[in-house]
Amino acid sequence: MQDRKGSSGKGSTESISGTGSGSVNGSVSGNGSGSGNGAASPTLTTVAVSGSPSALAAKWVPPAPLDSARAFGYLQQLCKIGSRTTGTAGMITQQKLLQDHFEKLGGKVVWQSFTHKHPLNNGPVEVKNMIVQWRPELKERVLLCSHYDTRPLPDRDPKNPKGLFVGANDGGSSTALLMELGHAMPNLKVNVGVDFVFFDAEELVYTAPNGTSLGDFFIGSTYFAQRLVDEPSDRVYRSGILMDMIGDKDLQIYWEEVGFQNAPTVAREVWEIAKQLGIKEFVPKVVHSVRDDHLPLIQIARIPVIDIIDFDYPTVASRTRSYWHTMADTPDKCSGDSITKVATVVMEWLKRQPK
Ligand SMILES: [Zn+2]
């Protein structure tokens, strides 16, 4: 995503108004168990912490088949590739890995490719959105999205802004989440079709010597949204959820303002589900307004989409450290539990989609 806004986003020039909201049907049902039966409920188990017999900590156990260790393994696997910037060898390696992963699980993989002008040399660069369809025959669908490209450079790194950026949280964590959620999809009872969309070129952006940005944000998601407008089909996206930076060990997810304004029903459903499941990392309060891939989906394609994002990375309280857009955005700052907590909420939201 592009940049951060202060709390409550008052006076934000990035707020956009009144599109798409209200078109989402369905509301959160009162019981915590949901209507689906594809997976067990998550549990919080109280266990003794070794070394301090009196201390107790709640251990998170995600519902089967979700698995925190496996999710974290996917994150490590992605980061091991190195940089996964649009058009690079690392991105191609990642694309092969993801295609193989989702086809093995039974997803239908569709590519959306086009060329764009590279911001540094104006030469052509190939941009490829990847779409994984579950139950492709259904006309009524929902979107689950993540960007899967990584920023070319760790521009904000205090020591080495031209070093290697592997984007563990930024690009990696939400991609790993969808890889993990893929395990649940074949047996999940969902009333609508589901598309996982991996947007390319979310931030094919460099910092110019004068400090301004070189390049455009949201290239892949803008193309995806424009295609929906230009090529109408009988397949309709009812609503969607974008995920970005959801792997932080110290996770807090607030309502993001643009999504909350434009997809209030989805926002309320998701945070209500988290509450019912006891996943306290979801805090029902608008804190940040973030420019991210949900903007083109809302503004161009008129789909109500929220952004599940932890924009306090690492945390407001630890400003002395900075992981965002630095070389320090590595897997050790992330946790498999954070990834599966978000995946659990999203999975439950899918199960509760009305017909
Ligand atoms: Zn970023």
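Colleague: In what order do the 6 strands of the open sheet lie?
Modeller: Happy to walk through it. This is a predicted model, where local features need pLDDT of at least 70, side-chain atom pairs count only at pLDDT 80 or more, and totals for chains, interfaces and linings use all residues. Residues are numbered from 1 along each chain as its sequence is written. Strands (E, at least two residues) and helices (H or I, at least four) are DSSP runs numbered from the N terminus, two strands pair if DSSP finds at least two bridges between them, and the mixed sheet has the order E3-E4-E6-E5-E9-E12.

Colleague: Which are the edge strands?
Modeller: Look for strands that pair on one side only. Those are strand E3 (108-117) and strand E12 (305-309).

Colleague: How many bridges join E3 to strand E4?
Modeller: Strand E4 covers residues 124-134 and runs antiparallel to E3. Lys 108 stands opposite Gln 133 in E4. The bridges joining E3 to E4 number 10.

Colleague: Are helices H3 and H8 parallel, perpendicular or oblique to each other?
Modeller: The axes, lines fitted to C-alpha atoms over the stretch in contact, with angles from 0 to 180 degrees between N-to-C directions, come within 10 Å and cross at roughly 55°. Angles under 35 degrees count as roughly parallel, over 145 as roughly antiparallel, 65 to 115 as roughly perpendicular and the rest as oblique. H3 and H8 are therefore oblique.

Colleague: Which residues of H8 make the contact with H3?
Modeller: Contact means C-beta atoms, placed from the backbone, within 7 Å. H3 brings Ser 173, Ala 176, Leu 177, Glu 180 and Leu 181. From H8 come Ile 339, Thr 340, Val 342, Ala 343, Val 346 and Met 347.

Terms used: Contact = placed C-beta atoms within 7 Å.
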